Amino acid sequence: MDKQKITFTLNHVRREEYIDPRASLSEVLRDQMELTSVKHGCNVGECGACTVLVDGEPFNSCIYLAIWVDGKDVLTLEGLTDIDGKISDIQQAFIDEGAVQCGFCTPGFIMSSLPIIESEKTFSREEIRKQISGNFCRCTGYETIVNAIEKTAKARKSGK
Ligand code: FES
Ligand code: FES
């Protein structure tokens with residue numbers, strides 16, 4: 001099948017890419033554009049390992065056609081580091097709280113947590129759990145993941 005051109009913003013940079021119109025967003029991001037934070041987990045929208053933000057909202061990129069991001073804004077974990085390669089507060093919190101075991105699920109959890117930590121609303125631990133309920137950790141470190149998200153949200157609100 002002929003490739004089709006899409007134009008979109010990826011990690012703050014305008015990009016043009018020729019893609020197979022049948023390809024999923026995770027295939028294009030990981031296999032074609034080498035953004036390896038985007039994990040191929042279940043590939044059927046069940047585990048959240050492939051989560052990226054599209055126009056600020058988390059989506060399972062394995063069940064989202066790449067062609068749909070034409071004209072949109074896509075953010076992956078790679079887009080969270082600053083210009084000097086310094087990691088973001090939420091990434092540091094995952095390290096500090098011991099919320100990373102094998103690490104396979106971690107990029108997806110962090111991407112799902114962004115709307116929580118960027119919201120003006122204060123989420124309870126129960127609400128945080130609900131918001132990240134589409135992400136599975138096979139190493140089952142959920143307490144520490146919630147700790148990292150809660151800590152980052154609080155720090156941002158207090159301006160630390
Ligand atoms: S790999 Fe996409 S939801 Fe599991
Ligand atoms: S840290 Fe291993 S799957 Fe979550």
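Here is a short exchange about a predicted model of one chain.

Biologist: How many helices and strands does the chain have?

Modeller: Start with the order of the elements. From the N terminus on, they run β-β-α-β-β-β-α-α-α-α. The secondary structure of the chain comes to 5 helices and 5 strands.

Biologist: What radius of gyration does the chain have, and what would a compact globule have?

Modeller: First, the outline. Along the principal axes, the C-alpha atoms fill a box of roughly 50 × 30 × 25 Å. With 160 residues, a compact globule would have a radius of gyration near 15 Å. The value for the chain agrees with that: 16 Å.

Biologist: Which domains does the assignment give, and what distance separates their centres?

Modeller: The domain assignment gives domain 1 as 4-80 and domain 2 as 89-157. Taken over C-alpha atoms, the separation of the two centres is 21 Å.

Biologist: Which element gives the largest share of the side of domain 1 that touches domain 2?

Modeller: The contact involves 12 residues of domain 1 and 13 residues of domain 2. On the domain 1 side, the largest share is 3 residues, and these come from strand E3 (residues 51-54).

Biologist: What classes of residue make up that side of domain 1?

Modeller: Contact here means C-beta atoms within 7 Å. By class, the side of domain 1 that touches domain 2 has 8 nonpolar, 3 polar and 1 charged residues.

Biologist: Now the helices. Are H2 and H3 parallel or oblique to each other?

Modeller: Helix H2 covers residues 89-96 and helix H3 residues 106-118. Their axes lie 10 Å apart, at an angle of about 125°. The crossing is right-handed. Angles over 145 degrees would count as roughly antiparallel and 65 to 115 as roughly perpendicular, so H2 and H3 are oblique.

Biologist: Which residues make the contact of H2 with H3?

Modeller: By class, this contact has 4 nonpolar, 3 polar and no charged residues. H2 brings Ile 90, Gln 91 and Phe 94. H3 brings Thr 106, Ile 110, Ser 113 and Ile 117.

Biologist: How many charged residues are in the contact of H2 with H5?

Modeller: From H2 come Asp 89, Ile 90, Ala 93 and Phe 94. They meet Ala 148, Lys 151, Thr 152 and Ala 155 in H5. By class, 5 are nonpolar and 1 is polar. The number of charged residues is 2.

Biologist: What is the angle between H3 and H5?

Modeller: H3 passes H5 in a right-handed crossing. Their axes are 10 Å apart. The angle is about 35°.

Biologist: Which residues of H5 meet H3?

Modeller: By class, the contact of H3 with H5 has 6 nonpolar, 2 polar and 1 charged residues. On the H3 side are Phe 109, Ser 113, Ile 116 and Ile 117. On the H5 side are Ile 145, Ile 149, Thr 152, Ala 153 and Arg 156.

Definitions and conventions. Residues are numbered from 1 along each chain as its sequence is written. Chains are lettered from A and ligands numbered from 1 in the order in which they are written. This is a predicted model: local features need pLDDT of at least 70, side-chain atom pairs count only at pLDDT 80 or more; totals for chains, interfaces and linings use all residues. Domain bounds come from an automatic or database domain assignment. Two residues are in contact if their C-beta atoms, placed from the backbone, lie within 7 Å. Helices (H or I, at least four residues) and strands (E, at least two) are DSSP runs, numbered from the N terminus. Ala, Val, Leu, Ile, Met, Phe, Trp, Tyr, Cys and Pro count as nonpolar, Asp, Glu, Lys and Arg as charged, and the others, Gly among them, as polar. Axes are lines fitted to C-alpha atoms, for helices over the stretch in contact, and angles run from 0 to 180 degrees between N-to-C directions. Angles under 35 degrees count as roughly parallel, over 145 as roughly antiparallel, 65 to 115 as roughly perpendicular and the rest as oblique. A crossing is left-handed if the near helix is turned anticlockwise from the far one by less than a right angle, and right-handed if clockwise. The radius of gyration is taken over C-alpha atoms; the globule rule is 2.2 Å times the number of residues to the power 0.38.
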